[in-house]
Amino acid sequence: MVSTNISFFTQMERSLELGNMTRVQEFVLLGLSTRPGIRNALFAVFLTLYLLTLLENTLIIYLICSHSELHKPMYFFLGNLSCLEMCYVSVTMPSLLLGLWTGPCHVPFTACMTQLFFFISLICMECTLLASMAYDRYVAICHPLHYPLLMRPQVCLGLALSSWLGGLLVSVVKTSCIASLSYCGPNVLNHFFCDVSPLLNLSCTHVALTELVDFISAIIILWGSLLVAIASYVAIGRAVLCMSSAVARRKALSTCASHLVVVGIFYAATLFIYARPSRIEAMDLNKVLSVIYTVVTPMCNPIIYCLRNREVQAAFHRTLHCSRS
């Protein structure tokens with residue numbers, strides 16, 4: 001009886017201690033670098049990259065919308081990707097630039113969760129959109145006669161909408177789980193934006209359920225879309241090998257090479273960080289990899305995809321000619 005009472009009071013004390021824990025009201029982002037000597041130089045570099053990314057993707061969207069010869073499924077997906085990249089880089093880059101300009105910055109809890117929500121949404125959208133683009137190239141090369149039917153506007157619109165809505169749905173679930181965790185200090189994030197792994201490292205409660213949700217979503221979104229892309233390119237490779245004309249093989253490969261490069265860069269960095277549920281301790285490596293897919297990839301995608309494309313180049317030259325005349 002006495003031991004039962006002692007156990008009861010012990011549980012009550014623990015409950016009171018948990019109830020008296022001060023919930024973190026804000027987080028401190030250390031930023032990309034805490035060394036004042038290089039922050040100014042990095043600020044100039046990343047501001048230039050940010051503006052260049054916005055300019056490139058805005059140009060791609062304008063060219064696709066204003067030239068009827070670019071109203072094709074491939075360019076429809078590229079336009080969606082450019083719009084996605086502009087949103088994507090605008091979610092993480094402002095906090096990166098602020099950290100480089102002022103040093104470690106304070107971010108309210110609600111603002112941090114909002115940034116996390118949009119970041120997860122956009123990264124999931126990009127995964128599924130890249131898979132849709134791989135499927136588009138598969139149909140174009142392996143089933144060219146059925147391409148107008150299989151990739152008609154209704155199908156393209158459905159694939160794009162499923163990418164956007166699917167990303168939002170996954171982000172609602174993941175962000176809700178992370179926001180429901182208890183954060184009772186410390187509140188310092190060794191990162192330049194509110195990301196999943198740094199937040200899990202700060203939680204003072206069990207994160208098993210959240211890590212399970214993170215793991216399941218990684219399997220469905222990351223691995224699922226990657227398998228679609230791999231299956232599409234395996235089928236494309238077989239079809240190319242069966243082509244008798246060397247010119248046809250080069251033409252087929254040229255339409256896929258740019259997408260394959262972007263897929264490789266994006267998934268290599270993303271899967272390393274998010275494909276496993278365990279917390280990542282090497283945060284400096286985490287920040288470097290995050291720069292690759294949040295800054296470098298959005299800037300390089302328009303160059304790799306479109307600005308080297310002959311149809312896009314022709315549309316760009318016509319636009320310049322019209323503006324001069």
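## Cysteines and one buried threonine

Cys204 is partly exposed, with 33% of relative accessible area. Partly exposed lies between buried, under 20% relative accessible area, and exposed, over 50%, using a 1.4 Å probe and protein chains only. This is a predicted model, in which local features need pLDDT of at least 70 and side-chain atom pairs count only at pLDDT 80 or more, while totals for chains, interfaces and linings use all residues. Residues are numbered from 1 along each chain as its sequence is written, and side-chain values use heavy atoms, with hydrogens and water left out.

A disulfide is a covalent bond between the sulfur atoms of two cysteines. Here a disulfide is taken as a pair of cysteine sulfur atoms within 2.5 Å. The structure has 2 disulfides. Cys204 is bonded to Cys184, with 2.1 Å between the sulfur atoms. This pair links distant parts of the chain, 20 residues apart: Cys184 is in the loop between α6 (153-179) and β3, and Cys204 is in the loop between α7 and α8 (208-241). Helices (H or I, at least four residues) and strands (E, at least two) are DSSP runs, numbered from the N terminus.

The other bond joins Cys112 to Cys194, at an S to S distance of 2.0 Å. Cys112 belongs to helix α4 (residues 109-142) and Cys194 to the loop between β3 (188-189) and α7 (196-202), so this pair also links distant parts of the chain, 82 residues apart. The link is left-handed, with -125° about the S-S bond.

| Cysteine | Relative accessible area | Class |
|---|---|---|
| Cys112 | 0% | buried |
| Cys194 | 0% | buried |
| Cys184 | 27% | partly exposed |
| Cys83 | 32% | partly exposed |
| Cys142 | 22% | partly exposed |

When the bonded cysteines of the protein are numbered in sequence order, the pairing reads 1-3, 2-4. Cys83 is in no disulfide, and the nearest cysteine sulfur, that of Cys87, is 4.6 Å away.

A threonine comes next. Thr53 sits in helix α2 (residues 36-66). Thr53 counts as buried because its relative accessible area is 1%. The side chain of Thr53 reaches the backbone oxygen of Leu49 at 2.7 Å. Leaving out residues up to four places away in sequence, Thr53 touches Val89, Val295, Pro298 and Met299; contact means heavy atoms within 4.5 Å.

Definitions and conventions
Polar contact = N/O pair within 3.5 Å; in protein donor to acceptor, adjacent residues only side chain to side chain.
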